[in-house]
Amino acid sequence: KQAPAVTQIPATADHEAFAHALTAERLHNSRRLAWFRLLGVSGFFALSAFAGWVMDPARERSIVLFGSYWLIALGLLWLSLRRGAPLRIAGLEVALVDVPMVFLLQYDTLSGGTIDRGIAGFSAGLFLNLVIIAGLGLDPRAIAATAIVGAGLELILQTAAGITVGGRVATIL
């Protein structure tokens, strides 16, 4: 007996199916990330406002930054929910919005004291988590951009905190 002929799907059909699935997943992840960003920024914004009001009036400085970040997060959510919203921003907004905003918020807390070293070290962890989150965009360029921007801003924080050159190099590596 002869085996039945197997119908082969042309390679272009496979490529088109993959491209369609990847586009759909990027859109889904972009929307999920936009909601996650808005909820996270809202929570930290409320915490910062409460801490500034109740515990530490010096924390009130960050309220303007958090308010700006919250408005940007709301705008990115709105953009992600629009039909035909550009998927090119999926993942890149982490490098272009989240990393710089986290940097500004962390830099704003530096006081010139010994606690600055801890703030700078903690920030490295925040930037690393943002690199992981950028992976939701499923775009290696966005992941690399987030890592590069995060590393550069972490170096600025560590320099301001008085971390040695060796410590800065070790952190980036």
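I looked up the secondary structure and found 6 helices and 0 strands in the chain. Helices (H or I, at least four residues) and strands (E, at least two) are DSSP runs, numbered from the N terminus. The elements read α-α-α-α-α-α from the N terminus on. I note that this is a predicted model, in which local features need pLDDT of at least 70 and side-chain atom pairs count only at pLDDT 80 or more, while totals for chains, interfaces and linings use all residues. Residues are numbered from 1 along each chain as its sequence is written, and side-chain values use heavy atoms, with hydrogens and water left out.

**Entry: whole chain.** I took the accessible surface, which comes to about 10700 Å², 70% of it belonging to carbon and sulfur atoms. Such areas come from the Shrake-Rupley method with a 1.4 Å probe, and for residues only the protein chains shown count as cover. Of the 173 residues, 31% are buried. I use buried for under 20% relative accessible area, exposed for over 50%, and partly exposed in between (1.4 Å probe, protein chains only). Among contacts (heavy atoms within 4.5 Å) with a separation of 6 or more, 71% join residues 24 or more positions apart.

**Entry: salt bridges.** How many salt bridges does the count come to? I get 3, taking a salt bridge as a side-chain nitrogen of Lys or Arg within 4 Å of a carboxyl oxygen of Asp or Glu. R37, E93 and D98 are linked in a network of them. The side chains of E93 and R37 meet at 3.5 Å, N to O. E93 lies in helix 3 (residues 92-109) and R37 in helix 1, so this pair ties together parts 56 residues apart in sequence. The side chains of D98 and R37 meet at 2.8 Å, N to O. D98 is also placed in helix 3 and R37 in helix 1, so the pair ties together parts 61 residues apart in sequence. I checked burial: R37 is buried at 4% relative accessibility, E93 is buried at 5%, and D98 is buried at 4%.

R141 forms a salt bridge with D139, with the closest N and O atoms 3.2 Å apart. Here R141 is exposed at 54% relative accessible area, whereas D139 is buried at 7%.

**Entry: helices 4 and 5.** I looked up how helix 4 (residues 115-134) sits against helix 5 (residues 140-160): the axes come within 9 Å and cross at roughly 170 degrees. That makes helix 4 roughly antiparallel to helix 5, a label for angles over 145 degrees. Axes are lines fitted to C-alpha atoms, for helices over the stretch in contact, and angles run from 0 to 180 degrees between N-to-C directions. The residues that meet include A120, G121 and F127 in helix 4 and A142, I143 and L153 in helix 5. In the loop between helix 4 and helix 5 I found L138, which has a positive phi of about 55 degrees although it is not a glycine. L138 is partly exposed at 34%.

**Entry: T171.** I place T171 in helix 6 (residues 165-172). Leaving aside neighbours within four places in sequence, T171 is in contact with A124, E154 and Q158. T171 and G121 are 50 residues apart in sequence and 8.4 Å apart C-alpha to C-alpha.

**Entry: surface patch.** F50, W53, V54 and M55 make a nonpolar surface patch of about 510 Å². Patches are made of residues with over 30% relative accessible area and no salt bridge; like charges are joined within 9 Å, nonpolar side chains (Val, Leu, Ile, Met, Phe, Trp, Tyr) within 5 Å. I find W53 in helix 1 (residues 11-54), exposed at 68%.

Key. Parallel < 35°, antiparallel > 145°, perpendicular 65-115°, else oblique.
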